[in-house]
Amino acid sequence: MHNTQHSAIIQSSIQRTIVDNLIHILISRGKQKQKKPAVILPMASASSLLEDIDDKFCQCCICFRQYKDPCQLPCLHRYCSECLQEIIDITKDKLKCPLCQESVVIPENGVEGLKKDFFMKEIVEFVQVRSSLKDKQLHQCGDCSRQVKATAYCFKCSDFLCKDCHDYHMTRKSLQEHRPHLLTLTDIESRNITLEKLSSLKEAPRCQAHLHNVSYLCCKTCGNLPICVACTYGSHKEHEIEDVSCLAESERERLKQRVKSLNDCKDRVYELRETMRTVSGEIQAHAEGTIEELDHKFEARVEAYEAKQRQISDDVVREKDEIKKTYSRRKSALDEEMEEKLQQIRKEYEGKQIETDHELGDLISDKDARYANKTQELKTKQELLKNRLEVVKQVIDQEKDDKTEESKRVSEHIEGTISRFENLTSTSANILESNNNWTAVQNVEAICRAAETLEVDMKREFPDVGELSEFMRSKCLLRRIGGAQNVVMSEKAESVLEVGRFIPGDYKFIEGIASTREGDIVISGGAGGGPAYINVVNIEGERIKQHLVETSSPVYCYCTIVIANEVAIAFQDTIGIYDARRDTYRSKVFSQVINKSTGKLRCAANDDVSNNIIVGREDDQDLYVLSEQLELVDTLRLPGGMSKPVGIAVSDGNIIVCDLGLNKACVVSRKGQLVHTFTKPTGGKCDKPYSVCTDRNGYIYILWMKDIYFRHDSSCTVAQYHPEDHSLLSERFFKADASSMTTALIGNIEKMLIAHHKGGKINVYSLNEE
């Protein structure tokens, strides 16, 4: 019956702990700035008074009673050994800390193998003695056995004493050794008992093998086990033995250094918590602001469509009236002529009249048909705009949920880290303050291990929390709704960036180009036998960063923006992510990611809705979709025999593929179906698609090459296509060996960047919106 009730208490306690944790998370998200402090021992100085300790400090958070044989877990939280055994019985030999949920490896001998918390046992014993003396409870005197109100407690005898026996202890020479271990009611009432004084009251632990001997030595081989001198000649003969005072001093110094290291990280973690609280509020505000802006733009476009429809209707009515008036005049003239020559030309007149009526009907029917087509076209565009609006709103909701979840995850980790930091520093201060050698020896090792893990978490790098409140995916789609009706590339390059001096190798190859959210330009390429390079330059052509990737052979190195400042790098059989802001690089072997044979990567693109990376290989009919963590998400089979993709981009959920095997540029759906084949530029000279990109309004640009060997007389054409029907809008011929291109937002103006394959030059053109 007792075991059943105890199990119920344990289960109820675990449930209450989980509920308390959830409440704590909800409160931390709100605007409350006050945090309920944990019950910890004050850590001011060595003179801190034990009078400040209340009963809750010695209370197990599972059974809500004073600790009984407390054990300390590696996370430094402590519980009754019986409570921990109940948890292990309930959870089937699995143990997680009820407070911080950290997993604990259960020793072979179960709870008995967990670390005993001697420090807390001393505190519990003191609190019990203090309560008994202050409340003047009746106890059996340890000497005379009378049931009286105790006035003192002897820690050496481990018994309460009446006033007479206390006086006897103080005067009897044979009990002289007991006097330093006496705690009186007067001491309690003076309220000046400190941790250091409590330590002096306690007798040094006895040797477990020789119970009559005091332990002054410590066996490090057996986990800092207290032993006596006799043990060094017996079972501990070959073990590592330390004097407890020397070992405690070194352990205290070690603990001080570890706490100092943690305090160096303290400000950063607390500031990050405040930042996360601000960001959580900004996410909701930015989402509402984005939707409001979207609704305004949608209403403006609808009004424009309705006004244009009314104008077309008015023009048709006016033109029909003019036609009727004109033919009415002609008919009147014919009527007059008929009156003059009625008999002679009646048959001819009737024929002309019929012909005129047919012509009038045809013209009116043509106007009606043109009006109906225009009206249907506007309705189709309006319906498409409405559908895009719904898509954007769905993306905003999904992105808000994703970022809220990410913000919650980061906040919970930070709150947990701060809780662990406060618990560790408080425990460390208490150990240092107690000045008890055995307390230091028994606890410092576990605290330092916990501190090492905590320091790693406190130094852990998180994604830029400022980016959490940015809705990048929805903004990309939002621009398509409120975008320009036409985009025209400037006739001449407004500038030429000379970046060859930053490129290693003799030929200054540029194989890939991309742009970051800040408007910086990322170029990549091989160095003719040397390392692959990644350079970050600004719009003036000045280098900001350079990163080299060692490779054993000449490579083609392509790049595409993933999100904000992260760039996907693809070369040979390697796929990587380069952070242009932090100048960090991580990579994986691509054939191992997709579990296929080795092949050369030839192109990469990003999906700004899912932030996934799409990669194509040489002589491979499949495209591969990877996550930001470079894990395979999906595989797409190209249709129609396409197997040499050299340029890809994402547009309206579909994929644009430049295939050199078929010399075609096509739109392919996510299910691998052929949607559209782009018209090649006029003239027929440049008919090999090599690179593709889109602008912020969705217009598509394809780089068509004359040949793919980049000879000195190379030429190319940049063709612009409509974002909806993919019709050819314009084309620009260049006498240059262009190899890649991208768009970049500089300030609020979008630019077209076209990179030369050799020589290290980038031509910059303006994209003018109309």
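Helices α7 and α9 pass each other in a left-handed crossing, meaning that the near helix is turned anticlockwise from the far one by less than a right angle. The model is predicted, with local features needing pLDDT of at least 70 and side-chain atom pairs counted only at pLDDT 80 or more, while totals for chains, interfaces and linings use all residues. Residues are numbered from 1 along each chain as its sequence is written, and side-chain values use heavy atoms, without hydrogens and water.

Helix α7 (residues 244-340) packs on α9 at an angle of about 25 degrees, the axes lying 9 Å apart; the two are therefore roughly parallel (an angle under 35 degrees). Their contact comprises 16 nonpolar, three polar and nine charged residues.

Helix α8 (residues 342-434) also meets α9 (residues 437-458), with axes that come within 10 Å and cross at roughly 155 degrees, which makes α8 roughly antiparallel to α9 (an angle over 145 degrees). On the α8 side the contact (heavy atoms within 4.5 Å) includes H413, R420, F421 and L424, and among the α9 residues taking part are N443, V444, I447 and L454. The residues of this contact divide into 10 nonpolar, eight polar and two charged.

Along its own length, α8 has 93 residues and reaches 133 Å from its first C-alpha to its last, close to the 138 Å expected at 1.5 Å a residue. A kink of about 35 degrees in α8 is centred on E348, the bend being the angle between axes fitted to the seven residues ending there and the seven starting there. After α8 comes N435, with a positive phi near 55 degrees.

Notes. Axes are lines fitted to C-alpha atoms, for helices over the stretch in contact, and angles run from 0 to 180 degrees between N-to-C directions. Helices (H or I, at least four residues) and strands (E, at least two) are DSSP runs, numbered from the N terminus. Angles under 35 degrees count as roughly parallel, over 145 as roughly antiparallel, 65 to 115 as roughly perpendicular and the rest as oblique. Ala, Val, Leu, Ile, Met, Phe, Trp, Tyr, Cys and Pro count as nonpolar, Asp, Glu, Lys and Arg as charged, and the others, Gly among them, as polar. The expected span of a helix is 1.5 Å times one less than its number of residues.
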